[in-house]
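Here is a friendly walk through the fold you have on screen. Keep the viewer open and follow along helix by helix.

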Amino acid sequence: MYNAAGRIDKDQQVQRLAPLVKRIAYHLMARLPASVQVDDLVQNGMLGLLDAIDRFESGMGAQFETYAAQRIRGAML
């Protein structure tokens with residue numbers, strides 16, 4: 001979760017939460033037009049995940065997964 005310098009290890013977080021990005025993408029596919037491809041949603045979701053990793057503040061009281069899910073969904077939309 002954290003590297004030797006005390007910072008969040010982004011690679012490990014991305015690998016751990018990649019299934020969440022795919023799950024949200026397939027969930028949104030049911031509500032979007034057929035012209036939207038799932039790969040585009042996953043790509044934007046990964047950008048949202050990276051943004052969530054950079055912006056998350058643990059002292060605010062929310063779990064990271066909850067915060068990341070909102071950022072991922074927002075990036076996809």
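Two residues are in contact when they have heavy atoms within 4.5 Å of each other. Helices (H or I, at least four residues) and strands (E, at least two) are DSSP runs, numbered from the N terminus. The model is predicted, so local features need pLDDT of at least 70 and side-chain atom pairs count only at pLDDT 80 or more, whereas totals for chains, interfaces and linings use all residues. Residues are numbered from 1 along each chain as its sequence is written, and side-chain values use heavy atoms, with hydrogens and water left out.

**Overall layout**

The chain holds 3 helices and 0 strands, in the order α-α-α along the sequence. Buried residues (under 20% relative accessible area; exposed is over 50%, partly exposed in between, with a 1.4 Å probe and protein chains only) make up 26% of the 77 residues. Of the contacts in the chain with a separation of 6 or more, 51% are between residues 24 or more positions apart.

**How the helices pack**

The table gives the packing geometry of each pair. Axes are lines fitted to C-alpha atoms, for helices over the stretch in contact, and angles run from 0 to 180 degrees between N-to-C directions.

| Pair | Angle | Axis separation |
|---|---|---|
| α1 and α2 | about 135° | 8 Å |
| α2 and α3 | about 135° | 7 Å |
| α1 and α3 | about 50° | 10 Å |

Angles under 35 degrees count as roughly parallel, over 145 as roughly antiparallel, 65 to 115 as roughly perpendicular and the rest as oblique. By that rule α1 is oblique to α2, α2 and α3 are oblique to each other, and α1 and α3 are oblique as well.

For handedness, a crossing is left-handed if the near helix is turned anticlockwise from the far one by less than a right angle, and right-handed if clockwise. The crossing of α1 and α2 is right-handed, as is that of α2 and α3, and α1 also passes α3 in a right-handed crossing.

**Who meets whom**

Between α1 and α3, the α1 residues Gln13, Arg16, Leu17, Leu20, Val21, Ile24, Ala25 and Leu28 meet Phe64, Glu65, Ala69, Ile72, Arg73 and Met76 of α3. Where α1 meets α2, the α1 residues include Val14, Leu17, Val21 and Ala25, and the α2 residues include Val38, Val42, Gly45 and Leu49. On the α2 and α3 side, the residues of α2 include Leu41, Gly45, Gly48 and Ala52, while those of α3 include Phe64, Ala68, Arg71 and Ile72.

**Helix α2**

The expected span of a helix is 1.5 Å times one less than its number of residues. Buried in α2 are Val38, Leu41, Val42, Gly45, Gly48, Leu49, Ala52 and Ile53. Seen down the axis of α2, these buried residues fall within an arc of 140° (taken from the directions from the helix axis to the C-beta atoms), so they line one face of the helix. An α-helix has 3.6 residues a turn, so residues three or four places apart point the same way. The cover over the buried residues of α2 includes α1 (10-29) and α3 (64-76). Asp39, Gln43, Leu47, Asp54 and Arg55 are exposed on the other side of α2.

**Helix α3**

With 13 residues, α3 reaches 18 Å from its first C-alpha to its last, close to the 18 Å expected. Its buried residues are Phe64, Ala68, Ala69, Ile72 and Met76. They cover an arc of only 130° around the axis, which puts them on the same side of α3. These buried residues pack against α1 and α2.

**A closer look at arginine 23**

Is arginine 23 buried or exposed? Arginine 23, a residue of helix α1, is exposed, with a relative accessible area of 57%. Its C-alpha atom is separated by 9.2 Å from that of valine 42, 19 residues apart along the chain.
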